[in-house]
Amino acid sequence: MSLFDKFQPIIDIRAELDRVGIMPFGAVTEKFLSPTEAVVNGHEVILAGTNNYLGLTFDPECITAARTAIEEQGTGTTGSRMANGTFAEHVRLEQELAVFFNKQHAIVFSTGYAATMGMASTLAGPGDVIVLDADSHASLYDGVRLSGAEIIRFRHSDVGDLEKRLRRLGERIDNTLIIVEGIYSMLGDRSPLAEIAAVKRRYGGLLLVDEAHSLGMLGDHGRGVAEEQGVEDDVDFIVGTFSKSLGAIGGYCVSNHPQLEAVRFAVRSYIFTASPSPSVIASTRVALRLLQERPELRDRLWDNARQLYIGLQELGFQVSPQVSPVVAVTIEDRDQAIRWWNQLLQHGAYVNLVMPPASPGDHSLLRCSVSAAHTPGQIDRILEAFATLENPAAGDNA
Ligand code: PMP
């Protein structure tokens, strides 16, 4: 026995992929040709597997702000928010997030992971209960495991199952945190948040929603699923990331609970890590403003999402349940998923390959995501790449 024995399954998979010359994990983006095109592992591709939903990573205003911040404040803060790492811009971004979300309080974290894991691990502790959706992101699972609270999972987006579990808690509901997501990252399906909020109103508890994949996409102001479904007042904590629709890196939590200001000083992933670099904060502040000033980005994103979703459906692929900026093609056979991922790359489309245990259930996924920066012609090119795949379900396309 050795410490390394447990890594054998990973070593085996890597060796197998090496043998067939396919390297889907950690594919190297060698050069950008445009915000949506790059050279990946030696192939010129349309990027159809990023989370650059609003296409802001190369926005000139964001880049100028980042460049100015570097010149004026340096490349890094070199310290934690608790020590030397709180600059005036971190505080401004927190104020801007609070105003945007219509909440009293906001915390900025160094990554989305630090925000979601940190809040999930800190709000509830030993003696408390966390009830979370079974398909929650790894960062939420890591957080709840660290918390020391009793963990109860309910079936993915099954409000009846959630209700049953909350009912059984009796008086312990007062010490219960419920955790769900807005848009789920793997299949792109939307949480039934209005119904979840109604159950929470009936039974109690506090509700935390991870809107990592829904910020900027849903709701009249782009605030996410909670806004779209009209239940923002029922959500106690919204967490999310700057690394997707805002095109940078970092995370946030917003809330109306005044205790958030005390929680800030208890979250270890806030205290024991350096604060985000000035350039990151500067581009994020501009991106948050553009998200509000340019609702047409949202419209373009959804037009692209519909085009890709309908196109993949027409080709006969098994796509996720709802039209969404994340469109996942489910594949039963893992080896076929690996082969198809590679074929897509060779035909000019980069998508994400997701295999169990990262995918929900036992299937593999070719997870596609669209951006407001894709042109309709580029979506067609992604579909043309899919049309080259030998798809047994597709009849004529086979
Ligand atoms: N929550 C969800 C639902 C996510 O999908 C992710 C990232 N994939 C995170 C949190 C973590 O965000 P980040 O990558 O910005 O650290």
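## Pockets and ligand contacts in a predicted model

The lining of the largest pocket takes at least three residues from each of domain 1 (5-58 + 295-394) and domain 2 (77-276); the bounds come from an automatic or database domain assignment. This is a predicted model: local features need pLDDT of at least 70, side-chain atom pairs count only at pLDDT 80 or more, and totals for chains, interfaces and linings use all residues. Residues are numbered from 1 along each chain as its sequence is written, and side-chain values use heavy atoms, with hydrogens and water left out.

**Largest pocket**

- Its volume is about 660 Å³. A pocket is an open set of points on a 1 Å grid over the protein atoms alone where a 1.4 Å probe fits, with protein on both sides within 12 Å along at least five of seven lines. Grid points are joined across faces, edges and corners, and the volume is the space filled by probe spheres set on the points.
- The largest pocket is lined by 36 residues; lining residues have an atom within 4 Å of a point. Nearest its centre lie Gly49, Thr50, Asn51, Ser243 and Lys244.
- β1 (29-34), α4 (112-122) and β9 (237-241) each supply at least two lining residues. The largest share, 3 residues, comes from α4. Helices (H or I, at least four residues) and strands (E, at least two) are DSSP runs, numbered from the N terminus.
- The lining has 12 nonpolar, 20 polar and 4 charged residues. Asp, Glu, Lys and Arg count as charged; Ala, Val, Leu, Ile, Met, Phe, Trp, Tyr, Cys and Pro as nonpolar; the others, Gly among them, as polar.

**Second largest pocket**

- This pocket has a volume of about 340 Å³.
- It lies between domain 1 and domain 2, because both give residues to its lining.
- Of its 18 lining residues, Asp135, Ser136, Met186, Ala358 and Pro360 lie nearest the centre.
- By class, the lining has 9 nonpolar, 6 polar and 3 charged residues.

**Ligand**

- There are 14 residues around the ligand, each with a heavy atom within 4 Å. Tyr113, Asp210, His213, Thr241 and Ser243 come nearest.
- A polar side-chain atom of Ser243 is 2.6 Å from a ligand oxygen atom. For Lys244, a polar side-chain atom lies 3.1 Å from a ligand nitrogen atom.
- The protein buries 82% of the 390 Å² that the ligand exposes when taken alone. Areas use the Shrake-Rupley method with a 1.4 Å probe.

**Backbone**

- The Pro356 to Pro357 peptide bond is cis, with omega near 5°. Pro357 is in the loop between β13 (352-354) and β14 (364-369).
- Asn102 has a positive phi, near 60°. Asn102 sits in the loop between α3 (88-101) and β4 (105-109).

Definitions and conventions: Polar contact = N/O pair within 3.5 Å; in protein donor to acceptor, adjacent residues only side chain to side chain.
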